[in-house]
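Subject: Model for you to look at

Hi,

Here is the structure I promised to pass on. Could you open it and read my notes alongside?

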Amino acid sequence: MNIIFVCTGNTCRSPMAEAAAKYFIKGHSFSSAGLMAYENMPMSRNAELALEERGIPYKNHFSRSLRPEDINKADLVLTMSSRHKAILSETVGDKVFTLKEYTTGTYRDIADPFGGDLEDYVKCLDEIIECIYALKERLT
């Protein structure tokens, strides 16, 4: 299955979700993108530090905007917020869900840690990891 994680700028939440999914789930393809991303921005330093703190490897990540070919290639589009989902629902259809909706059945967003301290990023990542564990269960 080809899964893409989507957030706003592709420097915090979606790349952390991508890294966690690649680390915890094998046999599927994961990527990430942003709805309003500036191209080629590095991952937020606090996002990198949060991943390191949890022992999750990541490669040099550079932000990118969500493209129509990403959507066409994806079997599943998982957004970090209901706002992201609403923006995509008209064009993506029935393969877009919020991460929490798809994995836990709840309609809560993954809060954006952008601009926060390391503790905010770690808290966000821990929430994402819980969802990734649930995603793994759902995919097996």
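First, the housekeeping. This is a predicted model, so to speak of local features I needed pLDDT of at least 70, and side-chain atom pairs count only at pLDDT 80 or more, while totals for chains, interfaces and linings use all residues. Residues are numbered from 1 along each chain as its sequence is written, and side-chain values use heavy atoms, with hydrogens and water left out. Helices (H or I, at least four residues) and strands (E, at least two) are DSSP runs, numbered from the N terminus.

Let's start with α6. This helix has 22 residues and spans 31 Å from first C-alpha to last, close to the 32 Å expected at 1.5 Å a residue (that is, 1.5 Å times one less than the number of residues). Its buried residues (under 20% relative accessible area, with exposed meaning over 50% and partly exposed in between, 1.4 Å probe, protein chains only) are Y121, V122, C124, L125, E127, I128, I129, C131, I132, L135 and L139. They pack against β1 (2-7), α1, β2 (29-34), α2, β3 (76-79) and α5 (99-104), where contact means heavy atoms within 4.5 Å. A134, also in α6, counts as partly exposed because its relative accessibility is 21%.

Now for the α1 pairing. The axes of α1 (residues 13-24) and α6 (residues 118-139) come within 9 Å and cross at roughly 45°. (Axes are lines fitted to C-alpha atoms, for helices over the stretch in contact, and angles run from 0 to 180 degrees between N-to-C directions.) That angle makes α1 oblique to α6: under 35 degrees would be roughly parallel, over 145 roughly antiparallel, 65 to 115 roughly perpendicular, and the rest is oblique. On the α1 side the contact uses R13, M16, A17, A20, A21 and F24, and on the α6 side Y121, C124, L125, I128, I129, I132, Y133 and K136.

Then there is α2 (residues 45-53), where N46, A47, E48, A50 and L51 are buried. Those buried residues pack against α1 and α6. Leaving aside neighbours within four places in sequence, R45 is in contact with E52 and Y58. Just after α2, G55 takes a positive phi of about 70°.

Cheers
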